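Here is a short briefing on one protein chain.

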Amino acid sequence: VDDHYFSPSPATASRPQTVSLTLPDLTVGLTTDAGVFSGDAVDPGTRLLLLEGAMPPAYGDLLDLGCGYGPIAVALARRSPAARIWAVDVNERAVDLCARNAEAAGCTNVRALQVSADDVLAGIPDDVRFAGIWSNPPIRAGKDVLHRLLVSSLARLAPGATAHLVVHRHLGADSLASWLEGQGFATKRRASRRGYRLLDVARRASEEPT
Ligand SMILES: C[S@@+](CC[C@H](N)C(=O)[O-])C[C@H]1O[C@@H](n2cnc3c(N)ncnc32)[C@H](O)[C@@H]1O
């Protein structure tokens, strides 16, 4: 059955289970399910992003792009309870799990939204600018989709804000970094561990609106 995890509505029968997200500053149980990304354990790339990526700012609108069942959104929400976390995904089951996981973790500051691949920020008010973006992006969705969703999200970074991405080297982290540079985004490799790259991506000052 061709039921990839990023289909809008997984056809796979539900098989819920609980996984643990364990970080130095927080431990939280998260419900996952069949048909969502990395449902058997928190993805090692995601964990690395949360371990070695930037801590979120205390306030502002933060984006978890491709939230899955919500490990990044929930960690951001717990670390910055006064920030508002927008968690978006095309997968309905994932969005539903993310909302429930946030609630179970006592987070009232997560807005989980199902979006379409054509309009990844659907439902987020136009005037929202992100004080930071965190993402383990959907590389396997293909370059066209990936590039489109990154550019539309990065365009909504607040002046001086940064996007934090984790991408595996074998899935094209280095060519993605060059592509982002070519699109006018300053892209730095923050860390490189076990094949994963953590990329920090910012708009160049000259390209920010005055
Ligand atoms: C690599 S997974 C990461 C999931 C979750 N953040 C985690 O760390 O476990 C990427 C996610 O992006 C979602 N996705 C795929 N295409 C998308 C799109 N066009 N817009 C938003 N999310 C998308 C997938 O459904 C998947 O949940």
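The points below go from the whole chain to single residues.

This is a predicted model; local features need pLDDT of at least 70, side-chain atom pairs count only at pLDDT 80 or more, and totals for chains, interfaces and linings use all residues. Residues are numbered from 1 along each chain as its sequence is written, and side-chain values use heavy atoms, with hydrogens and water left out.

**Fold and dimensions**

- The protein chain has 5 helices and 9 strands. Both are DSSP runs numbered from the N terminus: helices are H or I with at least four residues, strands are E with at least two.
- Their order along the sequence is β-β-α-β-α-β-α-β-β-α-β-α-β-β.
- Along the principal axes, the C-alpha atoms fill a box of roughly 50 × 40 × 35 Å.

**Contacts and surface**

- Take the contacts (heavy atoms within 4.5 Å) with a separation of 6 or more: 68% join residues 24 or more positions apart.
- Of the 210 residues, 52% count as buried, meaning under 20% relative accessible area (1.4 Å probe, protein chains only).
- The accessible surface is about 9700 Å², and carbon and sulfur atoms hold 50% of that. Areas come from the Shrake-Rupley method with a 1.4 Å probe.

**Nonpolar cores**

- A nonpolar core is a set of buried Ala, Val, Leu, Ile, Met, Phe, Trp, Tyr and Cys residues joined through side-chain atoms within 4.5 Å.
- The largest has 35 residues; Leu21, Ile85 and Val110 touch the most other members.
- Elements that each supply at least two residues of this core include strand S1 (17–23), strand S4 (84–89) and helix H3 (92–104). H2 gives the most, with 6 residues.
- Leu21 touches Leu26, Thr27, Val28, Leu30, Val42, Leu50, Pro71 and Ala75, leaving aside residues up to four places away in sequence.

**Arg203**

- Arg203 sits in strand S9 (residues 196–203). Its relative accessible area is 15%, so Arg203 is buried.
- The Arg203 side chain reaches two backbone oxygens: that of Leu157 at 2.8 Å and that of Ala155 at 3.1 Å.

Technical notes:
Buried < 20%, exposed > 50% of the residue type's maximum accessible area, 1.4 Å probe, protein only. Polar contact = N/O pair within 3.5 Å; in protein donor to acceptor, adjacent residues only side chain to side chain.
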